[in-house]
Amino acid sequence: MLTEGRLAFGFSEQSMQYPRLNAQNWAQWREPILLLEAQIYEPSRQDTPETLEGIICDGHGVSLAAVEGDRLAGFCLGAPLEHFAHVRGPAEDPVRGSATALYAADTLVDAHYRGQGIGRELKVRQIEAARSEGFKSVCGRNRAGLANAMWRLNTSLGARAVHIIEKDYQDGIEPDICIYYHMALPKP
Ligand SMILES: CC(C)(COP(=O)(O)OP(=O)(O)OC[C@H]1O[C@@H](n2cnc3c(N)ncnc32)[C@H](O)[C@@H]1OP(=O)(O)O)[C@@H](O)C(=O)NCCC(=O)NCCS
């Protein structure tokens, strides 16, 4: 729904596009993705270019961009949980190995575009795509404090904390608490 608030920010839902990110368009979006990743996440939450490429180019992944014109406003990335065995949360998750869960790795919106519903739209579209592509759940990690907006958004979409992990980021920023969550998806 087009709201006055969104028009006041100068973008309309018609002008924001939400294309899938994949191996076909990774090269096109690589630079702006790496730029936003470095601008927005503190170093301990940044993924390497190789990790981002691996997630986006995974044929079973669900990654989307928010694009206005040729400008990247945000993105959300996800790939099967099995790829994240080295990450606390997925590492201990008994669901890993069943090939039924999508791990939501990164979600961000450029500060210029925040508070206009883009983050919610990205997540709703990712969840719907995951559901229709056969996943039974979406899981992920949110840092308490720095990712409070994301945690509120995820809980409003059905996320429930299943594991609280302390002192995983180890970057001197408090709180150093990671919330690992599951979000059950209804059958397609
Ligand atoms: C989290 C983030 C993606 C939200 O993007 P956004 O486009 O501003 O979000 P939306 O406008 O769609 O708002 C969605 C919800 O987020 C929450 N939210 C947004 N801004 C918030 C804020 N400043 N404080 C608290 N909650 C906030 C609200 O629950 C909001 O709910 P509503 O839809 O009922 O209003 C964005 O804040 C961001 O990029 N944060 C930095 C990166 C990060 O930490 N990502 C999560 C870690 S993976």
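Which residues of helix α3 (residues 49–56) are buried? They are L52, I55 and I56, where buried means that 20 or more other C-beta atoms, placed from the backbone, lie within 10 Å of the residue's own. Please keep in mind that this is a predicted model: local features need pLDDT of at least 70, side-chain atom pairs count only at pLDDT 80 or more, and totals for chains, interfaces and linings use all residues. Numbering starts from 1 along each chain as its sequence is written.

**Helix α3**
- Looking down the axis of α3, the buried residues fall within an arc of 95°, so they line one face of the helix; the arc is taken from the directions from the helix axis to the C-beta atoms.
- These residues pack against β2 (20–21), α2 (26–40), β3 (63–68), β4 (71–80) and β5.
- Helices (H or I, at least four residues) and strands (E, at least two) are DSSP runs, numbered from the N terminus.

**The largest nonpolar core**
- Among its 37 residues, F75, L102, Y103, V138 and C139 touch the most other members; such a core joins buried Ala, Val, Leu, Ile, Met, Phe, Trp, Tyr and Cys residues through C-beta atoms within 7 Å.
- β5 provides the largest share of this core, seven residues.
- Beyond its neighbours within four places in sequence, Y103 has contacts (C-beta atoms, placed from the backbone, within 7 Å) that include P80, F84 and C139.

**Around the ligand**
- The ligand is surrounded by 21 residues, the closest being R114, G119, R120, A149 and M150; a residue counts if its C-beta atom, placed from the backbone, lies within 6 Å.
- α5 (148–156) gives the most to this shell, with six residues.

Definitions and conventions: Buried ≥ 20, exposed ≤ 12 C-beta atoms within 10 Å, placed from the backbone. Contact = placed C-beta atoms within 7 Å.
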